Amino acid sequence: MAYQFDFTFIPDYAGMLGQGVAYTLGLTVFGGVLGIAIGIGGAISRLWKIRPFDGLYQCYVELFRNTPFLVQLFLIFFGLPSLGIKLVEWQAAMLAMVLNLGAYSTEIIRAGLQATPKGQLEAAESLAFTRRETFFYVMLRPALLKVWPALSSQLVISMLGSSVCSQISAEELTFVANFIQSRNFRAFETYFLTTAIYFGLAVMIRQLLGAIGRYAIARRAAS
Amino acid sequence: MPLVQTNRLHKFYGTNHVLKGIKLDVEEGEVVTIIGRSGSGKSTLLRTLNGLESIDDGTIEVDGTALVAGEGDLRALRQKVGMVFQQFNLFPHLSAGQNVMLAPQVVKGTNKREAAEIAREMLARVGLDQKFDAFPDQLSGGQQQRVAIARALAMSPKVLLCDEITSALDPELVNEVLTVVRRLASEGMTLIMVTHEMRFAREVSDKLVFMHEGRVHESGHPQEMFAQPATPEFANFIRSLH
């Protein structure tokens, strides 16, 4: 028996799918940029043991790296209102993405900074750089370039993981897919298409981040 | 008054007493070479002079800026003391020119145009004005070390510390670096070096300092010291070179 594929539903839902993709990308970009910013802050305070931030960061990183993303999301969306913090779906989804990525990038960036050769630090010291100057002019860029592949992977993982946000009705791609298949009862085609879209997005993000990394390295040749 | 002066300098690594009351005077324009076996404390002594190693007791004074038992204005001291390392330690993400420009811009607030001018001038001094835009990994070891010298010179230091700056180089690249150092010496730059290039040390040094077990064991004019070692330890050291 041959299953008859039927993709004729696509045009009717094209706009909706587009919005879902945009939502997913929005979560990823927003989570990526703010997450990496949090990661840099976290890496600095943990590396130099800046109190009380180092302790706070350590608790935060351990908490978010050792619990499921879905539970983090529920805690934010269903738990925080008890503290009087009411977030609508997209706000909760964004916050969860940012916090989750922030925790992972803290560890990744910390590893990159820690791998700074001692000679680099001594060269900066001997030129009378302060610790802050050494960080910004000598450590940060080589460290980010070094861990860029790891950060890129983490960003793709987070993009894929954002599908979980459908569980609080954030209208990202998986939410849209669930909605469509509940209407057309074409589960196989709908999720097949969704799989293809996620795959395409992941490949695209990887390529894009790879290009950014190569550009940052190659920029030196041009400057 | 000497340009660089240390008094009763003591340094411990845990219970290991590595510098035992060093007194060292270096006059302006003098070239001083510190020699000794590994573990004698010569590199440590050099590194205390710009605060890369802390000291446990004693004083260091460079051109009026003093460290007393490690307390003092390190940033001011470091602006007067340049350093060149065995492993070059150029910043890999910056071009040769940018490596030289960075410290004047960041530490002294020199504007970019002026810093670029300084960088061109310093790179020309080490014979690398053509390599302004090259990156460290595109340069040979000898060229990298010359950029590192230019980088240190760009801060107009009063004294330049050279910590075994030819030890990591292939033999055929040693000379181009020594030529630069020789020229700096002849231009009147105050130099304090740790080196294993004994022939070079004898040739350019005004003063030789032989360290042994954390002390200045013997010091003086290189020709005289080599001709007539005053201590059996230095005599042994010379013999071990051949």
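**Entry 1**

I started with R78(B), which counts as buried at 8% relative accessibility (buried means under 20% relative accessible area, exposed over 50%, partly exposed in between, with a 1.4 Å probe and protein chains only). I kept in mind that this is a predicted model, where local features need pLDDT of at least 70, side-chain atom pairs count only at pLDDT 80 or more, and totals for chains, interfaces and linings use all residues. Side-chain values use heavy atoms, without hydrogens and water, residues are numbered from 1 along each chain as its sequence is written, and chains are lettered from A and ligands numbered from 1 in the order in which they are written.

Which residue forms a salt bridge with R78(B)? I found E125(A), with the closest N and O atoms 2.9 Å apart. A salt bridge here is a side-chain nitrogen of Lys or Arg within 4 Å of a carboxyl oxygen of Asp or Glu. E125(A) sits in helix α5 (residues 118-126) of chain A and R78(B) in helix α2 (residues 74-80) of chain B, so this pair joins two chains. Helices (H or I, at least four residues) and strands (E, at least two) are DSSP runs, numbered from the N terminus. E125(A) itself is partly exposed, at 29% relative accessibility.

Next I looked at R75(B), whose side chain meets that of E133(A) in a salt bridge of 3.0 Å, N to O. This pair also crosses between chains, from helix α2 of chain B to helix α6 (residues 131-161) of chain A. R75(B) is partly exposed at 27% relative accessibility, while E133(A) is buried at 11%.

I then checked E122(A), which pairs with R47(B) at 2.7 Å between the closest N and O atoms.

R125(B) has a relative accessible area of 28% and E187(B) one of 47%, and I noted each as partly exposed.

I also saw that salt bridges with shared partners join K118(A), E122(A), K11(B), R47(B) and E53(B) into one network. The whole structure has 15 salt bridges over all chains.

**Entry 1: where chain B meets chain A**

How many residues of chain B are in contact with chain A? I read 27, against 20 residues of chain A, where contact means heavy atoms within 4.5 Å. About 2100 Å² is buried between the two chains, with 58% from carbon and sulfur atoms; buried area is the accessible area (1.4 Å probe) that two parts lose on being put together, summed over both. In chain B, R78(B), F91(B) and H93(B) lose the most area to chain A, together 28% of what that side buries.

Across this interface I found three salt bridges. On the side of chain B that touches chain A, α2, β7 (81-84), α3 (96-108) and α5 (141-153) each supply at least two residues. The most come from α3(B), with five.

**Entry 2: chain A by itself**

Last, I looked over chain A, which has eight helices and zero strands. Its C-alpha trace spans about 75 × 50 × 30 Å along its principal axes. Of its 223 residues, 43% are buried. Among contacts in chain A between residues at least 6 apart in sequence, I noted that 76% join residues at least 24 apart.
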